[in-house]
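Here is a short report on how one chain is put together. Keep the sequence and the 3D view at hand while reading.

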Amino acid sequence: MIKPEERSNVHQFILLDMAVKSLQNDYDKLGSLKMSKVYIEIVDVLLKVIRPDYYNKKRMLAKQKIEVVKWINIDQYFSDVVVKNPGEDVVLRYAKQALKTQVENLIFQYLKEISDNANTKK
């Protein structure tokens, strides 16, 4: 059984993991765009800011002996995430569109934070 605060941490980790993977995947495709240097720079900065949070969350879960084991594609709308924790494995079901929206919102939050930090340095 995963406690509510642990489930929240797992969810945050999943969002961070998806954000990093999505940005890395998109990074490979940016070279073909006309303004690729601009977009590549934005993605580089985002990854530099998101990765430490991702690794910190992963370490925190490891200390609690919690690990995201695998994703199982159910259909076009849902995926299951198998989470290993002391005592038993837990399967969490996620709506793909909801996760996508949450990851987009997370990336927008990081962009806003980066922008706010840049504006305060001026």
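What follows covers the sheet, the helices against it, the core and one lysine.

The model is predicted. Three strands build an open sheet, ordered S1-S2-S3, with antiparallel pairing. S1 (67–73) and S3 are the edge strands; each has a single partner, so one side of each lacks a neighbour in the sheet. On average, neighbouring strands are turned by 25 degrees against each other, direction ignored. Six bridges join S1 and S2 in the antiparallel sense. Glu-67 faces Lys-84 of S2 across this pairing.

Two helices meet the sheet. H1 packs on it and touches S1, S2 and S3. H3 lies across S1, S2 and S3. Their directions are tabulated here.

| Helix | Strand | Angle |
|---|---|---|
| H1 | S1 | about 65 degrees |
| H3 | S3 | about 80 degrees |

Next, the core. The largest nonpolar core counts 27 residues. Val-10, Leu-23, Ile-50, Val-83 and Ile-107 have the most contacts inside it. At least two residues come from each of H1 (4–29), H2, S2 (78–85), S3 (88–95) and H3 (96–121). H1 gives the most, with eight residues. Leu-23 touches Val-43, Leu-46, Leu-47, Ile-50 and Ile-107, leaving aside residues up to four places away in sequence.

Lys-57 deserves a separate look. This residue sits in H2 (residues 36–63). Lys-57 is buried but has no salt bridge. Asp-53 carries the nearest side chain of opposite charge, 8.6 Å away. Beyond residues up to four places away in sequence, Lys-57 touches Asn-9, Gln-12, Phe-13 and Leu-16.

Technical notes:
Residues numbered from 1 in each chain as written. Predicted model: local features only at pLDDT ≥ 70, side-chain atom pairs only at ≥ 80, totals over all residues. Heavy atoms only, no water. Helix = DSSP H or I, 4+ residues; strand = E, 2+ residues; numbered from the N terminus. Buried < 20%, exposed > 50% of the residue type's maximum accessible area, 1.4 Å probe, protein only. Lys, Arg positive; Asp, Glu negative; His and termini not counted. Salt bridge = Lys/Arg side-chain N within 4 Å of Asp/Glu carboxyl O. Contact = heavy atoms within 4.5 Å. Core = buried A, V, L, I, M, F, W, Y, C linked by side-chain atoms within 4.5 Å. Pairing = 2+ DSSP bridges. Axes fitted to C-alpha atoms, helices over the stretch in contact; angles between N-to-C directions.
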